[in-house]
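Biologist: I have not seen this structure before. Could you take me through it?

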Amino acid sequence: MGTTLVTGGLVISASDEVTADVLVDGERVVALLAPGSGLVDSADTVIDASGKYVIPGGVDAHTHMEMPFGGTYASDTFETGTRAAAWGGTTTIIDFAIQSVGHSLREGLDAWHAKADGNCAIDYGFHMIISDVDEQSMKEMDVLVGEGVTSFKMFMAYPGVFYSDDGKILRAMQQGAANGALTMMHAENGIAIDVLVQQALAAGRTDPRYHGDVRHALLEAEATHRAIQLARVAGSPLYVVHVSAQEAVAEIAGARDSGLPVFAETCPQYLFLSTDDLARPDFEGAKYVCSTPLRPKENQAALWRGLRTDDLSVVSTDHCPFCFKGQKEMGRGDFSKIPNGMPGVENRMDLLHQAVVDGHISRRRWVELASTAPARMFGLHPRKGTVAPGADADIVVYDPGAEQVLSAQTHHMNVDYSAYEGRTITGRVDTVLSRGEVILSGGEYTGRPGRGNYLSRSTCDYLG
Ligand code: URP
Ligand code: ZN
Ligand code: ZN
């Protein structure tokens, strides 16, 4: 592979910005050099990054490739989804392997390896969804942590599918507290939501907009509060996924203010979209059905504030695409049958750069939220999430002045709509290196399925 020199760009990390040449040897970064270091003639490959940003490749810690949901499957495979991620400047994903009820964690993990191994364009790791807490799966948790699956998600939502009751959650949290794992929580009160779903349908409220009403913000806040208390009792750290309601942010902020090891993420859809999108006519709102649901616009100020204060530490996508035709349409006449999830793995870095342009966050916070913090949170740092000597050369050259219009006509995700159709973004990915290899340059994709490696992860870097 030889050496690569990325010259003259503004190298941005979570803490610093410096104009430097980045020297890559093989798969790793070996040095940051003063510009004009004289290595231009000796490097095998030179990438001119003048006028551009040089940032660590994005780490998307929440994706669902090929996820079975609502009688269908998320439409991106590991091949198409990781290629789309690369187009959008993301060089690592952490996807969710699923234990189904009556099966072991191992069976779930093996099934996800079978889908992903040999197909990914970029490096990938797995969290494990626990759907069946029993003594056997608790023992398996310990084994998996030893093998680099160091985070486990449970659901307070979706009764009869992925749902765990409070006793099961407490038990798994105890196990995680003992083996060093991070418990991730889908915090919505699914039992109460199901009552509201039945009442809405019985009253003829079947349109997608009612998905947002029945998944009430207070039922997200209540579940978030309960998850925090259960984690306290278990002595466990907690990471709350896809936070959307300002009342839930308040619960997380309160917990963090009292010194608890509670962390949380939000997603671009909650920052840039709202219940106005869920209420689009002609069943278009189905494109915006995900859980937790999109909220009224007023919630966005609290989310941006949380991102600035670090009450929200990570922005992930929860990429779980379903085509409008044939998949979202399964819920015509009954919003509860619309498969839950939205596409976004390709758009996250750009949307967050737009947030820099719009003044919501700084450039360094952009890098931290999209790359460094998820790498640290999920035991991948300093291999991922930084452009520093010794790190994997997962590097994005980003053109901050380029303009693009997001559209399903031009995106690379395997889904027939864009949630951001027609939106103009300032900034665009120019070049992507994955472990030293150029996989995207000047609008040409040169990656391939199977070059992505499986990542065995350490435990969370934020826990003492
Ligand atoms: O709507 C969503 N979020 N679908 C994916 C599954 C989940 O809850 O994360
Ligand atoms: Zn979830
Ligand atoms: Zn998810």
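The conversation below covers the ligand site, a sheet and some backbone details.

Modeller: Please keep in mind that this is a predicted model.

Biologist: Understood. Where does ligand 1 sit?

Modeller: Ligand 1 is placed in the largest cavity.

Biologist: And how many residues surround ligand 1, and which are the closest?

Modeller: There are 14 residues around ligand 1. The closest are Lys153, His186, Ser291, Asp318 and Asn340.

Biologist: What is the make-up of that shell by class?

Modeller: Seven residues of the shell are polar, five are nonpolar and two are charged.

Biologist: Which side chain has an N or O atom 3.1 Å from an oxygen atom of ligand 1?

Modeller: That is the side chain of tyrosine 158. The backbone takes part as well: an N or O atom in the backbone of asparagine 340 is 3.0 Å from a nitrogen atom of ligand 1. For glycine 341, a backbone N or O atom is 3.3 Å from an oxygen atom of the ligand.

Biologist: How much of the accessible area of ligand 1 does the protein cover?

Modeller: On its own, ligand 1 has 260 Å² of accessible area, and the protein covers 100% of it.

Biologist: Let us turn to the sheet. What is the order of its eight strands?

Modeller: The order is β6-β9-β10-β11-β12-β13-β14-β15. The sheet is open, and its pairing is parallel.

Biologist: Which strands are at the edges?

Modeller: They are β6, residues 58-63, and β15, residues 314-315. Each of these pairs on one side only.

Biologist: How many bridges join β14 to β15?

Modeller: Two bridges join them, and the strands run parallel; β14 spans residues 262-266. In one pairing, threonine 266 has valine 315 in β15 as its bridge partner.

Biologist: One last point: what is the phi of glutamate 66?

Modeller: Glutamate 66 has a positive phi of about 55 degrees, although this residue is not a glycine. Glutamate 66 is located in the loop between β6 and β7 (68-69).

How values were computed. Residues numbered from 1 in each chain as written. Chains lettered and ligands numbered in written order. Predicted model: local features only at pLDDT ≥ 70, side-chain atom pairs only at ≥ 80, totals over all residues. Heavy atoms only, no water. Near = heavy atom within 4 Å. Polar contact = N/O pair within 3.5 Å; in protein donor to acceptor, adjacent residues only side chain to side chain. Areas by Shrake-Rupley, 256 points an atom, 1.4 Å probe, with all protein chains shown as cover. 1 Å grid on protein atoms, 1.4 Å probe; cavity = no way out; pocket = protein on both sides within 12 Å on 5 of 7 lines; lining within 4 Å. Sits in = over half its atoms within 2 Å of the grid points. Nonpolar A, V, L, I, M, F, W, Y, C, P; charged D, E, K, R; others polar. Pairing = 2+ DSSP bridges. Helix = DSSP H or I, 4+ residues; strand = E, 2+ residues; numbered from the N terminus.
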